[in-house]
Amino acid sequence: MGELLLESYGKINLALDVLYKRDDGYHELNTIMQQIDIMDKVILRNRKKGIKIECNEGDVPLNENNLVYKAWEKLSQKTGIDKGVHIILDKKIPVAGGLAGGSSNAATVLKGLNTLWNLNLSQGELREIGVEIGADIPFCIMGGTAHAKGIGEKLTKLNNFSGKMVLLANIGIPISTAFVYGNLKLDNRNTRVDIDKMVKYIEDDDLPNVARNMENIMEKTVIKRYPIIDQIKKAMIEYGALGSIMSGSGPTVFGLFDDEEKIHRCKERLENKVEKIYIARTI
Ligand code: ATP
């Protein structure tokens with residue numbers, strides 16, 4: 001087998017709390033991550049030596065800064081395998097959009113090379129390698145719905161919450177996760193995002209309550225700089241979303257819907273106000 005054509009899915013955070021900054025510089029998270037069916041396509045081709053990366057999206061680095069490069073490099077180091085790979089990325093997930101596009105690509109490459117190179121590594125082993133590259137990668141390897149703690153690597157799989165309609169609106173301004181963490185105000189907080197309550201609603205497959213209780217602690221920081229995010233959230237609710245928040249470190253805003261007509265109408269209304277807008281489903 002010399003080539004694999006793979007699907008690399010994005011994610012949203014149905015709830016996101018940042019607890020504190022740890023001594024090692026990372027932030028301790030408490031979050032619920034949900035895979036969605038918006039996806040990039042990833043082609044892996046065997047190559048004798050070295051790595052070659054191609055991508056349809058100009059903003060994406062084609063060198064060692066690409067997370068797929070790091071995935072190949074780390075896997076090669078860990079296994080002692082000295083093989084090359086040619087990776088072609090066909091991106092649809094907005095870059096630096098809070099949908100973990102890069103992390104998902106890296107997860108896809110780890111899983112794909114595991115197959116292409118006949119490594120037989122377990123999902124657990126791949127997740128351990130993944131977290132050394134990026135905090136969202138273990139979840140992207142696991143998929144579905146999960147409660148994540150630590151920097152994102154302590155994962156508990158939750159009941160299936162698939163098939164829910166999600167409207168994703170992206171303002172087309174890339175936001176770096178480092179910028180958001182750097183501006184977060186974590187001191188003097190007397191409220192916490194109630195993750196346990198959300199876990200219960202998800203386990204009950206209770207879409208209205210999940211949607212109504214969604215919360216993202218990073219939102220305030222990003223809205224302060226980009227007030228349009230708040231306007232999009234409000235518009236989504238006005239046009240029939242059961243709930244709407246920003247995903248991850250933003251700036252993508254999403255709404256959960258239970259009505260096909262409403263989600264399409266909302267998409268039409270927002271189309272000329274945002275750069276990219278997609279209807280997706282939870283997986
Ligand atoms: P997260 O939600 O995990 O914070 P994100 O969706 O906000 O991620 P990405 O799309 O992963 O952000 O991109 C973040 C940065 O990573 C971009 O600025 C981009 O230059 C770089 N990058 C590296 N590899 C990739 C890749 N394969 N796809 C997209 N961006 C990549």
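Me: Which residue lies over the face of Phe161?
Reply: A charge sits over a ring if NZ of Lys or CZ of Arg is within 6 Å of the ring centre and within 35 degrees of the ring normal. At 4.5 Å from the ring centre of Phe161, the residue over its face is Lys164.

Me: What kind of model is this?
Reply: Residues are numbered from 1 along each chain as its sequence is written, and side-chain values use heavy atoms, with hydrogens and water left out. Local features need pLDDT of at least 70, side-chain atom pairs count only at pLDDT 80 or more, and totals for chains, interfaces and linings use all residues, this being a predicted model.

Me: Is the pairing of Tyr69 and Trp72 stacked or edge-to-face?
Reply: Rings of Phe, Tyr and Trp (its six-membered ring) pair if their centres lie within 6.5 Å; planes under 30 degrees apart are stacked, those over 60 are edge-to-face, and the rest are tilted. One aromatic pair is found in a search of the whole structure. The ring centres of Tyr69 and Trp72 are 5.6 Å apart and their planes stand at 80 degrees, so the pair is edge-to-face.

Me: Which helix holds both Tyr69 and Trp72?
Reply: Helices are DSSP runs of H or I with at least four residues, numbered from the N terminus. Tyr69 and Trp72 are three residues apart, and therefore about one helical turn apart, in a helix of residues 67–79, namely α1.

Me: Is Trp72 buried or exposed?
Reply: Under 20% relative accessible area a residue is buried, over 50% it is exposed, and in between it is partly exposed (1.4 Å probe, protein chains only). With a relative accessible area of 12%, Trp72 is buried.

Me: How many residues does domain 2 bring to its contact with domain 1?
Reply: An automatic or database domain assignment sets the bounds, giving domain 1 (3–157) and domain 2 (165–281). Contact means heavy atoms within 4.5 Å. Domain 1 contributes 30 residues, while the number from domain 2 is 34.

Me: Which residue forms a salt bridge with Asp17?
Reply: Side chains of opposite charge can pair when their charged atoms come close. A salt bridge is a side-chain nitrogen of Lys or Arg within 4 Å of a carboxyl oxygen of Asp or Glu. Across the interface of domain 1 and domain 2 there is one salt bridge. The N to O distance is 3.8 Å where Asp17 meets Arg192.

Me: Which residue forms a salt bridge with Asp230?
Reply: Asp230 belongs to helix α9 (residues 228–238) and is partly exposed at 22% relative accessibility. The closest N and O atoms are 2.8 Å apart, and the partner is Lys234.

Me: How many salt bridges are there by this rule?
Reply: Lys267 and Glu271 meet in one of them, at 3.2 Å from N to O. Arg22, Asp24 and Glu28 are linked in a network of salt bridges. The count comes to 15.

Methods
Helices (H or I, at least four residues) and strands (E, at least two) are DSSP runs, numbered from the N terminus.
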